[in-house]
Amino acid sequence: MVTLRELTADDAQPLTRIYSGAAVRHTTGQALTLAQAQQKVRASLARAAETPRAQWSWGIVATDEMIGLIALRRRSSSMGTLSYILREDTWGNGYATEAVKHVVDFAFTTVGLERLEAMHHPDNPASGRVLIKTGFTRTGTCDRHTEDGAAVVYQVYALPVSQAPLRR
């Protein structure tokens with residue numbers, strides 16, 4: 001249904017479409033400009049060349065076009081965090097669930113992590129359902145502050161390797 005691929009220099013325009021409209025409501029709240037998207041791609045390409053590698057970013061591809069972005073960040077030798085965003089016109093098709101399954105498998109079998117964590121904005125329960133469907137368990141909350149200083153309570157989830165539904 002979906003495939004993941006490393007970002008390329010040509011992905012700035014698709015990123016501006018992904019980071020727009022309702023999709024950014026629970027991120028910065030601002031659409032990504034083309035210049036910001038180009039910088040995001042350059043940063044991803046630079047991180048891909050680092051050794052040891054601490055971050056992976058993949059385009060989520062369905063129906064022959066990039067519809068989202070998913071990232072894995074190594075936070076310690078044994079723990080990583082997962083984040084993702086999809087274009088709003090692709091929501092509700094199971095694409096995020098498939099992409100998360102791919103990254104969970106990669107994190108545990110290829111990178112060798114023992115635990116993954118993720119969180120979602122309280123007004124985005126669909127993201128929480130994606131995490132639950134892929135084996136994550138809600139572990140609590142975390143305060144994040146917006147640009148105006150307001151605190152938003154995010155839902156936090158974790159998945160230890162011992163509970164991961166790995167696809168081998």
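Helix α3 has 17 residues, and at 1.5 Å a residue it should span 24 Å; its end C-alpha atoms are 23 Å apart, which agrees. The expected span is 1.5 Å times one less than the number of residues in the helix. Helices (H or I, at least four residues) and strands (E, at least two) are DSSP runs, numbered from the N terminus.

This is a predicted model: local features need pLDDT of at least 70, side-chain atom pairs count only at pLDDT 80 or more, and totals for chains, interfaces and linings use all residues. Residues are numbered from 1 along each chain as its sequence is written, and side-chain values use heavy atoms, with hydrogens and water left out.

**Helix α3 and the cores**

α3 is mostly covered, with 12 of its 17 residues buried. Buried means under 20% relative accessible area, exposed means over 50%, and partly exposed lies in between (1.4 Å probe, protein chains only). Among the buried residues of α3 are Tyr95, Glu98, Val104, Asp105 and Phe108. An α-helix has 3.6 residues a turn, so residues three or four places apart point the same way. Gly112 follows α3 and has a positive phi, near 85°.

Which residues touch the most other members of the largest nonpolar core? They are Ile70, Leu72, Leu82, Val104, Leu116 and Phe136, out of 28 residues in that core. At least two residues of this core come from each of β2 (55-62), β3 (65-74), β4 (79-86), α3 (95-111), β5 (115-120), α4 (125-133) and β7 (151-160). α3 gives the most, with 9 residues. A second, separate core has 13 residues, including Leu7, Val24, Met66 and Ile85. A nonpolar core is a set of buried Ala, Val, Leu, Ile, Met, Phe, Trp, Tyr and Cys residues joined through side-chain atoms within 4.5 Å.

**Loops**

Most residues other than glycine have a negative phi, and most peptide bonds are trans.

| Residue | Phi | Relative accessibility |
|---|---|---|
| Thr63 | about 50° | 61%, exposed |
| Asp64 | about 65° | 80%, exposed |

Elsewhere, a cis peptide bond joins Thr51 and Pro52, with omega about -5°. Pro52 is found in the loop between α2 (34-48) and β2.

Is Arg87 buried or exposed? At 5% relative accessibility, Arg87 counts as buried. Arg87 lies in the loop between β4 and α3. Leaving out residues up to four places away in sequence, Arg87 touches Arg17, Ile18, Glu65, Met66 and Ile67. Contact means heavy atoms within 4.5 Å.

**The whole protein**

The protein has 4 helices and 7 strands. From the N terminus on, the elements run β-α-α-β-β-β-α-β-α-β-β. With 168 residues, a compact globule would have a radius of gyration near 15 Å; the protein has 15 Å, which agrees. This radius is taken over C-alpha atoms, and the globule rule is 2.2 Å times the number of residues to the power 0.38. The C-alpha trace spans about 40 × 35 × 30 Å along its principal axes.

Buried residues make up 42% of the 168 residues. Among contacts between residues at least 6 apart in sequence, 60% join residues at least 24 apart. The accessible surface comes to about 8900 Å², and 50% of it belongs to carbon and sulfur atoms. Such areas come from the Shrake-Rupley method with a 1.4 Å probe; for residues, only the protein chains shown count as cover.
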